[in-house]
Amino acid sequence: ELWKLYQKRKLNIRESTLLRYNQQLANWFNNVGDIDILDVNVDMVYDYIDVRKKKVKTKTINEEISLLRTLFRYAVKWDYIEKNVFEKVDNLKVTDRKKIPDLTIEQINALLKVLDPKTEKWFEDIFVTGIYSGMRLGEIVRLTWKNIDFENNVINIEISKTDPRVIPIHPKVKKILLQ
């Protein structure tokens, strides 16, 4: 009932996100049952987490708990419950991320050899900037001249997935920027 109410009052999202949320809630109901929100307690949440740990990655569990935390926050706001038990449950530390292997020098050189410098120079510039700076693709494409400090030989990344970063400018990246 809370989910239906939340959808009616708050939800304005893409269909694919709605499907994912429905699946996350189905996981909760399949493990805990369709119980009254007043009966949900912290022990029940941790039991759910223990069961899910055997089946899925911690990132998935964190997403499920985050959705439930949000739903229960609205249940408090709308005076259905007094306390949000999910506020007492911290996200799990994600330790089971898939390791993406580093590119070898041979792989980098092989990629650069197959690029056509006349038609794919833009891609080569982005690739080389990423390789020699460690910047993410989104950070590279959002670069503006105000981010570049040639005097101190650094790039200032203000909007990042983590915190603002200062990145030294490698000579190959400097050459690209100056061109």
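By a nonpolar core I mean a set of buried Ala, Val, Leu, Ile, Met, Phe, Trp, Tyr and Cys residues joined through side-chain atoms within 4.5 Å. Buried means under 20% relative accessible area, exposed over 50%, and partly exposed in between, with a 1.4 Å probe and protein chains only. What you see is a predicted model: local features need pLDDT of at least 70, side-chain atom pairs count only at pLDDT 80 or more, and totals for chains, interfaces and linings use all residues. Residues are numbered from 1 along each chain as its sequence is written, and side-chain values use heavy atoms, with hydrogens and water left out.

The largest nonpolar core has 26 residues, and Trp3, Val45, Ile65, Leu71 and Phe86 have the most contacts inside it. Helix H1 (2-9), H2, H3 and helix H4 (58-77) each supply at least two residues of this core. H4 gives the largest share, eight residues. Helices (H or I, at least four residues) and strands (E, at least two) are DSSP runs, numbered from the N terminus.

Take Phe86. Not counting residues up to four places away in sequence, Phe86 touches Trp28, Val40, Val45, Ile65, Leu68, Arg69 and Phe72; contact means heavy atoms within 4.5 Å.

Now the rings. Rings of Phe, Tyr and Trp (its six-membered ring) pair if their centres lie within 6.5 Å; planes under 30 degrees apart count as stacked, over 60 as edge-to-face and the rest as tilted. The structure holds 10 aromatic pairs. One of them is Trp28 with Tyr48, edge-to-face, at 5.0 Å centre to centre and 65° between the planes. This pair links distant parts of the chain, 20 residues apart: Trp28 is in helix H2 (residues 15-32) and Tyr48 in helix H3 (residues 42-53).

Are Trp28 and Tyr48 buried or exposed? Trp28 counts as buried because its relative accessibility is 4%, and Tyr48 is buried at 1%.

Trp3, Tyr6, Tyr21, Tyr74 and Trp78 form one aromatic cluster. Arg9 lies over the face of Trp78, 4.6 Å from the ring centre; the criterion is NZ of Lys or CZ of Arg within 6 Å of the ring centre and within 35 degrees of the ring normal.

Last, the sheet. Three strands form an open sheet in the order E1-E2-E3, with antiparallel pairing. Strand E1 (148-149) and strand E3 (165-168) stand at the edges with a single partner strand each, so one side of each has no neighbour in the sheet. Two strands pair if DSSP finds at least two bridges between them.
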